[in-house]
Amino acid sequence: MIQHFLTIQEQLDYIKFNPAFISGFTSGEGCFSAYLGIDLSLKWALQPSFEFSITQNTGDLKLLKAFRLYFNSVGKIYDKKDGVSVYMVRNITDIHNVIIPFFLEYPLVGTKSIELDIFIQYMKLVLNKHHLGIELVNRDIFIDMAILCKNLNSKRINPYKLHRINYIINWLKSLDKLPSLEEKLNLKSGLPSEKMN
């Protein structure tokens with residue numbers, strides 16, 4: 001007889017009894033992302049960010065809600081286009097204290113574990129705050145972050161993101177001191193368009 005877990009509570013109870021289910025689900029439907037945003041008010045004009053997400057057809061919205069409840073209600077659930085919803089955690093404290101320890105206890109099987117490893121390396125650089133100074137060594141931390149972003153996204157075929165991160169890496173390498181406002185503006189204006197082919 002087939003068992004059905006249709007309510008949020010039934011799904012949550014099942015997950016609590018079988019936590020590794022989340023790891024298996026994440027191996028197929030989860031994502032560890034890292035990004036360097038542009039903010040001209042910052043010393044190096046770059047703002048590191050990252051997120052953990054699980055995407056699913058909106059028909060399984062209850063399952064995403066059960067995942068969120070399992071993770072102590074950290075993160076949020078968003079409705080996206082074309083009947084897709086996503087459970088997303090962006091807060092560094094929540095990722096560090098809730099998400100990462102879970103996957104260390106219940107390991108990912110397959111190449112997603114490599115993504116997690118890169119994701120953790122990136123997160124550690126942000127937590128150490130060694131990128132916040134004004135010396136070239138701080139610039140080099142941003143280069144390390146950018147390379148990790150590139151490696152993390154290597155499996156996802158997205159020419160725009162690849163070109164964008166290469167552009168940022170080359171821009172950072174061209175600097176021999178803290179960038180001027182003009183150099184920051186050049187970074188922003190020179191970034192490739194998302195509409196590129």
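These are my notebook entries on one protein chain, taken from a predicted model.

**Entry 1: the whole chain**

I began with the overall layout. I counted eight helices and four strands in the chain. I then read the order from the N terminus, which runs α-α-β-β-α-β-β-α-α-α-α-α. Next I looked up the extent. The C-alpha atoms fill a box of roughly 65 × 35 × 30 Å along the principal axes.

**Entry 2: inside and outside**

How much of the chain counts as buried? I found 40% of the 197 residues.

I turned to contacts next. I took those between residues at least 6 apart in sequence, and 65% of them join residues at least 24 apart.

Then I checked the charges. The chain has 23 positive and 19 negative charges, and their mean positions are 3 Å apart.

**Entry 3: helix 7**

I picked out helix 7, which covers residues 159-174. I noted 16 residues in helix 7 and a reach of 22 Å from its first C-alpha to its last. That is close to the 22 Å expected at 1.5 Å a residue.

Which residues of helix 7 are buried? I listed Tyr160, Arg164, Ile165, Ile168, Ile169, Trp171 and Leu172. I looked down the axis of helix 7: these buried residues fall within an arc of 165°, so they line one face of the helix. An α-helix has 3.6 residues a turn, so residues three or four places apart point the same way.

I then viewed the face of helix 7 turned away from the buried side. That face carries the exposed residues Asn170, Lys173 and Ser174.

What covers the buried residues of helix 7? I found that the cover includes two strands, strand 1 (30-38) and strand 2 (46-57). Helix 6 (136-152) and helix 8 (181-190) are also among the covering elements.

**Entry 4: methionine 88**

My last stop was methionine 88, which lies in strand 4 (residues 84-89). Is methionine 88 buried or exposed? Its relative accessibility is 10%, and buried means under 20%. Methionine 88 therefore counts as buried.

I looked up its contacts, leaving out residues up to four places away in sequence. Methionine 88 touches Glu51, Phe52, Ser53, Gly75, Lys76 and Tyr78. I followed up on tyrosine 78, which is 10 residues from methionine 88 along the chain. Their C-alpha atoms are separated by 7.6 Å.

How values were computed:
Residues numbered from 1 in each chain as written. Predicted model: local features only at pLDDT ≥ 70, side-chain atom pairs only at ≥ 80, totals over all residues. Heavy atoms only, no water. Expected span 1.5 Å × (residues − 1). Buried < 20%, exposed > 50% of the residue type's maximum accessible area, 1.4 Å probe, protein only. Arc of directions from axis to C-beta. Contact = heavy atoms within 4.5 Å. Lys, Arg positive; Asp, Glu negative; His and termini not counted. Charge placed at Lys NZ, Arg CZ, Asp CG, Glu CD.
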